[in-house]
Amino acid sequence: MDTQKTSETERKKLLQGSERRTALFLIGLIVMIAVACAATAEMSVDNFFMIANWRAFQRHGFYITDPLSMHHTFRCSLEKWLSCALVYGIYETAGLAGMRVMLFVLTVLIAFLQYRLCCYTSGNRDMSLVFTVFMIGTMTPFLQFRPQVFTIVILLLETLCLEHWIRERRVRYLIVLPLLSFLEMQFHSTIWPCFFMVFAAYLADTELVSGRPEFHFKDKLPMAAAAAACFGTLFCNPYGAWSVFYIFRSYGDADMNSCIMELARPTYMDVTMLIWLVLMVLALLFENRKMPLRYLLLFIGFFAFSCTAVRNEIFLCALAGFVPCFLLREKKLHFGINLMLLLPLLLIVFCAGSEQSRGKEPDELETMTSLFDELKDHGIADGSDIYCDFNTGSYAEYFGFHPYIDGRAEVFLKKVNGEQDLFSEYVRHGNGEIYYRDFLDRYDFACLVVNSDMEPAFYQELLHAPEIEVLFTNREYTVFLEKRK
């Protein structure tokens with residue numbers, strides 16, 4: 001009888017929730033998200049393009065004309081050189097496993113910094129863990145082997161430093177900021193202006209004193225000096241200001257926005273945007289609405305920035321989440337059951353989802369390796385000028401060829417390269433607005449690598465052209481040659 005009572009007591013204790021068990025459950029959930037992101041991540045076309053960029057750097061140094069495509073006189077730059085060097089070094093040394101370890105470490109670091117920011121501003125550990133789960137969870141589509149991940153780490157550190165300065169007035173937090181700005185210029189200079197989106201919110205911060213807004217100009221002077229020093233790092237890059245400002249020349253290009261999915265604007269049904277909008281509205285409606293103006297400016301700023309393109313949603317997910325957490329700072333979490341018991345079930349769900357997503361993903365690298373190896377076997381030498389579509393072109397550069405176009409859309413705009421609107425030509429050619437013979441007469445291609453699914457019209461034109469012959473077919477790709485006269 002006593003044994004039964006003891007067993008029943010132990011069972012109740014096991015099922016009973018507590019603050020510690022809830023915290024461990026949330027931490028476990030964060031770790032599982034990080035593991036799932038890293039375990040399912042694959043090398044993408046962007047990664048192989050980055051490796052090709054660093055190989056070009058090893059041959060040419062910091063080039064100013066394009067060494068990768070067949071258009072060697074186009075102006076271009078290696079604006080994210082440090083990211084390219086890191087991806088190249090890790091992949092060449094440790095392969096995909098090394099890349100996944102790097103992504104796991106960066107994801108955990110991002111989650112830790114998000115928690116620190118939430119906890120430091122709100123003082124509520126439980127809500128900080130909850131919002132860290134929300135932030136890292138909504139970020140999962142963007143957690144890839146891309147420079148944006150390094151940018152998020154840098155922007156989180158910047159926000160933490162500015163918060164510490166506002167509250168503690170220790171100069172060391174301002175001294176760190178130019179270093180962070182310098183690193184961002186090397187990792188991903190085209191996103192460097194986001195560094196000042198955060199800064200602007202803190203510089204514009206005001207508070208109400210006796211019902212009147214007070215700007216505190218004198219208190220802002222050290223922060224303004226730090227901002228000026230950060231701006232000076234604009235020129236501490238091999239390409240200087242060009243590495244930042246050239247990207248603005250491509251903004252708003254209709255062809256790019258229509259062809260590149262991540263440049264499309266989110267719809268009103270975008271799940272990520274809706275989650276954060278609903279969380280912010282609920283926090284404003286039901287909890288303490290008193291907060292510094294800078295928090296509201298940060299949330300509105302990054303929400304508006306996310307509305308301009310899908311790829312910008314990462315900044316809303318990663319940085320703005322601490323604002324509703326601050327509004328809910330007086331909320332206490334209490335779960336009557338032990339949520340830790342759910343972790344094994346969630347682990348099974350995560351593993352099943354990971355295996356399912358991995359099974360659906362075609363092995364693009366295997367396809368491209370087979371394609372370009374066969375191309376070389378047929379006598380098309382390394383360094384040849386070949387026709388490829390937008391996506392395949394980046395792989396072609398990785399395998400040593402010079403394609404007609406690649407994934408760097410902005411490089412093929414006249415506003416950037418200074419010579420030709422090649423991207424517009426590529427789009428019109430793909431739409432059938434340019435006769436295939438007129439197109440081929442403009443260039444001297446060693447061969448044409450055509451994806452029959454991506455370019456069905458061009459494929460059919462070449463297939464039925466009497467002066468064109470099929471060299472070989474590899475899966476959905478057909479390689480064409482002009483017959484010798």
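Q: Before anything else, what counts as a salt bridge here?
A: A salt bridge is a side-chain nitrogen of Lys or Arg lying within 4 Å of a carboxyl oxygen of Asp or Glu. Please note that the structure is a predicted model.

Q: And how many salt bridges does that rule give?
A: By this rule, the count comes to 16 salt bridges.

Q: Why would such side chains pair up at all?
A: Side chains of opposite charge can pair when their charged atoms come close.

Q: Let's take Glu-42 and Arg-100. What is the distance in that salt bridge?
A: The side chains of Glu-42 and Arg-100 meet at 2.9 Å, N to O. Glu-42 is in the loop between α2 (19–40) and α3 (45–60), whereas Arg-100 belongs to helix α4 (residues 81–122), so the pair ties together parts that are 58 residues apart in sequence.

Q: How accessible is Glu-42? And what about Arg-100?
A: Glu-42 has 36% relative accessibility and counts as partly exposed. Arg-100 is buried, as its relative accessible area is 18%, and buried means under 20%.

Q: Where do Glu-163 and Arg-167 lie?
A: Both are in helix α6 (residues 147–168), four residues apart, which is about one turn of the helix. Glu-163 is buried, with a relative accessible area of 0%, while Arg-167 is partly exposed at 41% relative accessibility.

Q: What about Asp-205 and Arg-294, which parts do they tie together?
A: Asp-205 lies in the loop between α8 (194–203) and β1 (207–209), and Arg-294 lies in helix α13 (residues 293–306), so the pair ties together parts that are 89 residues apart in sequence. The distance in this salt bridge is 2.7 Å, N to O. Asp-205 is buried, and Arg-294 is buried as well.

Q: Which residues are linked in a network of salt bridges?
A: Asp-66, Glu-397, Asp-406 and Arg-408 are linked in such a network.

Q: Glu-397 is in α18, I think. Is that helix enclosed or open, and why?
A: Helix α18 (residues 390–398) is largely enclosed by the rest of the structure, because seven of its nine residues are buried. The buried residues are Thr-392, Gly-393, Ser-394, Tyr-395, Ala-396, Glu-397 and Tyr-398.

Q: What covers them?
A: The cover for the buried residues of α18 includes α3, α4, α17 (364–377), β3, β4 (402–403) and β7.

Q: What happens at the two ends of α18?
A: At the start of α18, a side-chain oxygen of Asp-389 comes to within 2.9 Å of the backbone nitrogen of Asn-391. Just after α18, Gly-400 has a positive phi of about 100 degrees.

Q: New topic: which residues of α22 are buried?
A: In helix α22 (residues 456–463), Phe-458, Tyr-459 and Leu-462 are buried. They are on the same side of α22, because they cover an arc of only 100 degrees around the axis. These buried residues pack against β3 (385–387), α20 (422–430), α21 (436–441), β5 (447–451), β6 (468–474) and β7 (477–482).

Q: Back to charges. Where is Asp-270, and what is its nearest side chain of opposite charge?
A: Asp-270 is in the loop between α11 (254–259) and α12 (271–286). Asp-270 is buried yet has no salt bridge, and the nearest side chain of opposite charge, Arg-265, is 12 Å away.

Q: Then which backbone nitrogens lie by the Asp-270 side chain?
A: The backbone nitrogen of Thr-272 is 3.2 Å from a polar atom of the Asp-270 side chain. For the backbone nitrogen of Met-273, the corresponding distance is 3.1 Å.

Q: Is Asn-53 buried or exposed?
A: Asn-53, in helix α3, counts as buried at 3% relative accessibility. Leaving aside neighbours within four places in sequence, Asn-53 contacts Tyr-63, Leu-68, Leu-78 and Cys-84.

Q: And Ile-175, buried or exposed?
A: Ile-175, found in helix α7 (residues 171–188), counts as exposed at 59% relative accessibility. Ile-175 and Cys-230 are 55 residues apart in sequence and 9.8 Å apart in space, C-alpha to C-alpha.

Q: Finally, how many helices and strands are there?
A: The protein chain has 22 helices and seven strands. Of its 485 residues, 51% are buried. The chain exposes about 23,200 Å², of which carbon and sulfur atoms supply 61%.

Definitions and conventions
Residues are numbered from 1 along each chain as its sequence is written. This is a predicted model: local features need pLDDT of at least 70, side-chain atom pairs count only at pLDDT 80 or more; totals for chains, interfaces and linings use all residues. Side-chain values use heavy atoms; hydrogens and water are left out. Buried means under 20% relative accessible area, exposed over 50%, partly exposed in between (1.4 Å probe, protein chains only). The arc is that of the directions from the helix axis to the C-beta atoms. Contact means heavy atoms within 4.5 Å. Accessible areas come from the Shrake-Rupley method with a 1.4 Å probe; for residues, only the protein chains shown count as cover. Lys and Arg count as positive and Asp and Glu as negative; His and the chain ends are not counted. A polar contact is a pair of N or O atoms within 3.5 Å; within protein, one must be able to donate a hydrogen and the other to accept it, and residues adjacent in sequence count only if both atoms are side-chain atoms.
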